[in-house]
Amino acid sequence: MASAALKVLSRASKKLIKPFSPTPLTQKWHKFSLIEQAQSHTYVPFGFFYSNNQLGALSNQPTQISKLLEKSLSKNLVSYYPYAGEMKDNAAIDCNGKGVEFLNVHIDAPMYEILNHQDCSVKDVIFPNGVAWENDSEYGLAVIQLTHFDCGGIAVSTCLSHKIGDACNGLQFSIDWATLTRDPNAKLIPPYYISDTIFPSPPSGPLDSPVVPSILDGCTQKRFVFSSSKVSALRSIVSSESQVKNPTTTEVLSALLFKCVAKAVTANSGSFIPSKLIQYADLREMISPKLPPNSVGNVLSHFSTHISNEADMNLPTIVSLMRKEKQLFRTKDNIKENAWALEILELAKGLPPQKKEFDEYTCSSVCKFPFYDVNFGWGKPMATTIATGPYNKLFNLMNYRDDGIEAFIMLDEQGMSVFEGDEEFLEFASPYANYF
């Protein structure tokens with residue numbers, strides 16, 4: 001995808017990195033929960049950029065950087081051993097220490113040209129080609145890529161199987177790996193594997209995978225930045241015009257995106273379609289007993305905000321409805337009444353899918369996660385990113401350095417051409433993130 005937008009030459013090598021010590025026989029099998037069995041074999045794809053100034057003398061020693069990261073990765077895999085194993089019959093992983101693919105890629109282009117390019121997909125050169133959202137990838141349960149730019153800067157990307165864990169796990173893996181790179185003798189709290197203890201495996205045997213497929217439909221992704229001052233202004237407006245006091249950053253930004261993207265879709269279709277915004281939520285702190293942040297698994301569910309009439313597609317109404325749905329979500333038993341798990345069980349029955357009453361939009365926010373804490377010894381990353389994908393009408397929200405929020409919007413090209421010119425949206429969002 002990136003090569004069509006920017007002509008770069010690359011050279012790559014690949015090797016397997018095995019855990020530093022063998023996995024004990026007591027940890028031989030990692031069982032999948034119901035949700036993990038239903039997941040397609042896609043990855044959680046995050047990337048971290050570091051400039052040549054941050055690397056100092058190391059910027060001219062790509063081999064030394066690679067060896068440093070390979071050694072610490074091997075140590076990290078002792079604790080994150082399922083990623084180094086092999087999947088068996090969609091029910092479990094054989095934690096046999098086979099290893100994790102580690103790619104070294106050299107890009108004949110400077111980092112700033114990649115990061116500041118108008119085409120957002122250009123940054124995907126830092127991810128293994130065609131891996132991030134592909135189902136049935138030829139790669140294993142984790143793929144790491146170290147990208148060297150001709151300016152001396154680097155990017156480190158991790159593609160960790162969604163069959164094992166969610167975004168929270170993807171980040172914690174990177175933080176622990178970075179810590180071991182800075183200090184090989186660091187004492188880390190080992191991850192807590194949930195396996196099938198929260199959402200049990202189906203009693204009738206493994207589900208056919210994937211029940212929930214990955215969808216790559218040729219959409220385009222655009223990146224926008226909301227500065228802290230613009231976020232504050234938007235929160236003040238919503239607070240003054242609705243019954244919601246102190247709306248959160250995620251609430252106001254997801255509502256704005258929902259409204260403006262739905263407006264673009266309506267403009268293209270010619271009429272308003274009843275719409276709903278689906279928002280995924282981390283359950284670690286909601287369930288009893290609470291789970292630690294380093295618990296590994298897909299500990300997720302979702303709630304939805306429904307808009308049936310075009311007159312209600314305004315920020316005060318959307319945020320008010322969203323807050324009510326969120327409060328209901330927090331008060332119910334999200335294990336026994338997990339919306340995602342219940343949907344999976346319905347799909348697994350093989351019944352024809354019900355006709356959708358609402359046009360669906362999805363927002364995933366990782367703003368509460370400290371992505372800029374991934375410090376391999378060269379300081380905070382100068383930029384972080386997520387791979388382009390995987391389906392239409394998706395909004396991903398991440399922190400943007402120390403000032404504001406970065407939004408990655410997936411939309412079909414016809415809808416995007418209308419959306420990116422929306423004056424109300426551009427009052428708060430900047431279409432480009434300038435890193436240099």
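Modeller: Contact here means heavy atoms within 4.5 Å. The model is a predicted one.

Biologist: How is H4 oriented relative to H6: oblique, roughly parallel, roughly antiparallel or roughly perpendicular?

Modeller: The axes of helix H4 (residues 62-79) and H6 come within 8 Å and cross at roughly 120°. Angles of 65 to 115 degrees count as roughly perpendicular and those over 145 as roughly antiparallel. H4 is therefore oblique to H6.

Biologist: Is the crossing of H4 and H6 left-handed or right-handed?

Modeller: The handedness rests on whether the near helix is turned clockwise or anticlockwise from the far one. For H4 and H6, the crossing is right-handed.

Biologist: Is Ser174 buried or exposed?

Modeller: Ser174 is found in helix H6, which spans residues 167-182. Leaving aside residues up to four places away in sequence, Ser174 touches Phe48, Thr158 and Val374. Its relative accessibility is 1%, and the limit for burial is under 20%, so Ser174 counts as buried.

Biologist: Which residues do ring pairs link into a cluster?

Modeller: Two rings pair if their centres lie within 6.5 Å. By this rule the count comes to 18 aromatic pairs. The cluster linked by ring pairs consists of Tyr50, Tyr80, Tyr83, Phe173, Trp177, Phe376 and Trp378.

Biologist: Over the ring of which residue does the charged end of Lys75 sit?

Modeller: A charge over a ring must be within 6 Å of the ring centre. The charged end of Lys75 is 5.6 Å from the centre of the ring in question, which belongs to Phe20.

Biologist: Where is Pro289 placed, and is the peptide bond from Ser288 to Pro289 cis or trans?

Modeller: Pro289 lies in the loop between strand S11 (275-282) and strand S12 (295-296). Omega for the bond from Ser288 to Pro289 is near -5°, and the bond is cis.

Biologist: Asn246 has a positive phi although it is not a glycine; is Asn246 buried or exposed?

Modeller: Asn246 lies in the loop between helix H7 (228-241) and helix H8 (249-269), and its phi is about 55°. The relative accessible area of Asn246 is 62%, and the limit is over 50%, so Asn246 is exposed.

Technical notes. Residues are numbered from 1 along each chain as its sequence is written. This is a predicted model: local features need pLDDT of at least 70, side-chain atom pairs count only at pLDDT 80 or more; totals for chains, interfaces and linings use all residues. Side-chain values use heavy atoms; hydrogens and water are left out. Rings of Phe, Tyr and Trp (its six-membered ring) pair if their centres lie within 6.5 Å; planes under 30 degrees apart count as stacked, over 60 as edge-to-face and the rest as tilted. A charge sits over a ring if NZ of Lys or CZ of Arg is within 6 Å of the ring centre and within 35 degrees of the ring normal. Helices (H or I, at least four residues) and strands (E, at least two) are DSSP runs, numbered from the N terminus. Buried means under 20% relative accessible area, exposed over 50%, partly exposed in between (1.4 Å probe, protein chains only). Axes are lines fitted to C-alpha atoms, for helices over the stretch in contact, and angles run from 0 to 180 degrees between N-to-C directions. Angles under 35 degrees count as roughly parallel, over 145 as roughly antiparallel, 65 to 115 as roughly perpendicular and the rest as oblique.
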